[in-house]
Amino acid sequence: MASNIKTASDDLIAGIMMPKAWITLAQDDLLARYRRTLIGPLWFTISHAFFVFGFAYWSAAILKQDLREHLPYVAAGLTVWAFLAQSLNDASNVFIRANNLISAYDLPVSIHAFRAVLGQFYAFLHNMIVY
């Protein structure tokens with residue numbers, strides 16, 4: 001049991017010490033996701049903006065709130081919620097998606113977790129434009 005904890009902590013430390021690897025992999029994931037689109041990552045931001053504005057409009061009408069006061073709270077809440085939901089959704093597939101890299105290269109496995117979190121943080125920064 002103690003050796004498993006030591007192995008996991010050594011892997012985490014080794015992964016933290018290799019930021020260039022997970023930053024490069026996260027940027028490559030982002031480029032691969034939007035490689036064939038015309039407007040790239042802005043497509044995700046535009047769809048998020050439409051969702052936020054639509055939700056804020058209807059919830060302000062139902063709750064009888066002023067849209068100008070209501071919109072920033074809805075935008076912040078939905079943007080953070082999207083980050084958390086997408087992070088949890090992506091976490092279930094991190095190691096499955098990285099299976100080929102894990103078996104081909106002798107790198108710390110934690111790099112792939114850092115890569116996924118950084119990729120979701122990039123998406124979060126894109127969505128912050130809406131806020």
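Analyst: A helix here is a DSSP run of H or I, at least four residues long, numbered from the N terminus. A lining residue has an atom within 4 Å of a cavity point. The model is predicted.

User: Which helices supply the lining of the second largest cavity?

Analyst: Helix H4 (67-91) and H7 each give at least two residues to that lining. The space inside is about 40 Å³.

User: What makes up that lining by class?

Analyst: There are 5 nonpolar residues, 4 polar and no charged.

User: How many cavities are counted, and what is the volume of the largest?

Analyst: The count is 2 cavities of 30 Å³ or more. The largest cavity has a volume of about 70 Å³. Its lining consists of Ala26, Asp29, Leu30, Arg33, Asp90, Arg97, Arg115, Ala116, Gly119 and Gln120. Helix H2 (19-33) and helix H7 (110-127) are the elements giving two or more of these residues. By class, this lining has 3 nonpolar, 2 polar and 5 charged residues.

User: Why are H4 and H7 called roughly antiparallel?

Analyst: Their axes come within 10 Å and cross at roughly 155 degrees. Angles over 145 degrees count as roughly antiparallel. H4 and H7 are therefore roughly antiparallel. Their crossing is right-handed. On the H4 side, the contact uses Thr79, Val80, Phe83, Gln86, Ser87 and Asp90; on the H7 side, Ala116, Gln120, Phe121, Phe124 and Asn127. That contact divides into 5 nonpolar, 5 polar and 1 charged.

User: Which residues of H2 and H7 meet?

Analyst: From H2 come Ala21, Trp22, Ile23, Leu25, Ala26, Gln27, Asp29, Leu30 and Arg33. They meet Ile111, His112, Phe114, Arg115, Leu118, Gly119, Gln120, Tyr122 and His126 of H7. The classes are 10 nonpolar, 5 polar and 3 charged. Gln120 takes part in the contacts of H7 with H4 and with H2.

Technical notes:
Residues are numbered from 1 along each chain as its sequence is written. This is a predicted model: local features need pLDDT of at least 70, side-chain atom pairs count only at pLDDT 80 or more; totals for chains, interfaces and linings use all residues. Side-chain values use heavy atoms; hydrogens and water are left out. On a 1 Å grid over the protein atoms alone, a cavity is a set of points where a 1.4 Å probe fits but cannot get out, and a pocket is an open set with protein on both sides within 12 Å along at least five of seven lines; lining residues have an atom within 4 Å of a point. Grid points are joined across faces, edges and corners, and a volume is the space filled by probe spheres set on the points. Ala, Val, Leu, Ile, Met, Phe, Trp, Tyr, Cys and Pro count as nonpolar, Asp, Glu, Lys and Arg as charged, and the others, Gly among them, as polar. Axes are lines fitted to C-alpha atoms, for helices over the stretch in contact, and angles run from 0 to 180 degrees between N-to-C directions. Angles under 35 degrees count as roughly parallel, over 145 as roughly antiparallel, 65 to 115 as roughly perpendicular and the rest as oblique. A crossing is left-handed if the near helix is turned anticlockwise from the far one by less than a right angle, and right-handed if clockwise. Contact means heavy atoms within 4.5 Å.
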